[in-house]
Every structure is written in C-alpha cells, then in structure tokens.
Amino acid sequence: FIKQFDIKIGCVKSYKPKMANNKPVFATCTKTNDMYSAYIPYDFIITVYDFNVMDLSEQQRKILLYHELLHIGIGPKGLKVEPHDVEDFDTIIAQYGLHWENPKEDEQA
C-alpha cells in the first residue's frame with residue numbers, strides 16, 4: 001500500500017549509536033510531523049544507526065529495512081507509525097526467526 005497511496009519515505013544514516021533498554025537500536029521509523037512537512041518532502045523518515053548495524057550482513061540489513069517499513073500504517077486519522085504486533089513483527093519472525101539481527105546467527109537469516 002506504500003506505493004498505492006504514494007507514501008514518501010526518506011532514509012538517513014546516523015553515526016551516533018543509540019540504545020534503548022540497554023540494547024542497541026538498529027533503526028527507527030518516525031512520521032514527519034505537520035510542522036516539518038513544509039520543509040521535508042517525506043511522510044516518514046527511517047533512521048539507520050550505522051554504528052549499531054555495522055556487524056549485520058546484507059541480508060540482515062534488508063530485513064531491518066523491511067522491519068522499519070512494517071511500522072508504516074494508515075489509520076482512521078491518516079498515516080501513523082504501527083507498533084510491533086509481537087516482540088518484533090509476526091511476519092518477520094515467521095520468515096526469518098526471532099533473532100534475525102544476531103550476527104552469529106547469520107546463517108539462519
């Protein structure tokens with residue numbers, strides 16, 4: 001539906017590491033608020049934290065971007081950021097396993 005509704009997504013790289021709950025944050029997806037939408041031509045911004053993803057394989061990085069795209073949603077009031085439906089997203093867990101982001105388990109991803 002992203003293409004169907006012409007949802008525009010920007011992607012930026014942050015060179016600062018980010019942590020939450022003592023775990024590295026690989027990426028975030030945020031909705032561009034009304035104030036910034038006059039200056040930024042995107043509906044959502046995906047930020048990838050380079051320091052935290054440098055050990056991920058190409059396949060794991062693709063899964064990470066897929067994960068962030070799953071945060072994009074449409075609700076009754078318009079575009080919104082979707083929360084995880086389980087610890088991650090059920091779709092990703094079913095296809096790639098619960099710990100797809102663990103570089104030691106790259107062979108399984």
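User: Which side chain does threonine 28 join through a polar contact of 3.5 Å?
Analyst: The side chain of tyrosine 49. Bear in mind that this is a predicted model.

User: Buried or exposed?
Analyst: Threonine 28 has a relative accessible area of 17%, and buried means under 20%, so threonine 28 counts as buried.

User: What else does threonine 28 touch, leaving out residues up to four places away in sequence?
Analyst: Besides Tyr49, the list has Lys18, Ile45, Ile46, Thr47 and Glu68.

User: How many bridges join E4 to E5, and which way do the two run?
Analyst: Five bridges, and the strands run antiparallel; E5 spans residues 44-49.

User: Switching to the core. Which residues touch the most other members of the largest nonpolar one?
Analyst: Val53 and Leu64, in a set of 15 residues. E4, E5 and helix H3 (58-69) each give two or more residues to this core. The largest share comes from E5, with three residues.

User: What is leucine 64 in contact with, neighbours within four places aside?
Analyst: Phe26, Ala27, Val53, Leu56 and Trp100.

Note on methods:
Residues numbered from 1 in each chain as written. Predicted model: local features only at pLDDT ≥ 70, side-chain atom pairs only at ≥ 80, totals over all residues. Heavy atoms only, no water. Pairing = 2+ DSSP bridges. Helix = DSSP H or I, 4+ residues; strand = E, 2+ residues; numbered from the N terminus. Buried < 20%, exposed > 50% of the residue type's maximum accessible area, 1.4 Å probe, protein only. Polar contact = N/O pair within 3.5 Å; in protein donor to acceptor, adjacent residues only side chain to side chain. Contact = heavy atoms within 4.5 Å. Core = buried A, V, L, I, M, F, W, Y, C linked by side-chain atoms within 4.5 Å.
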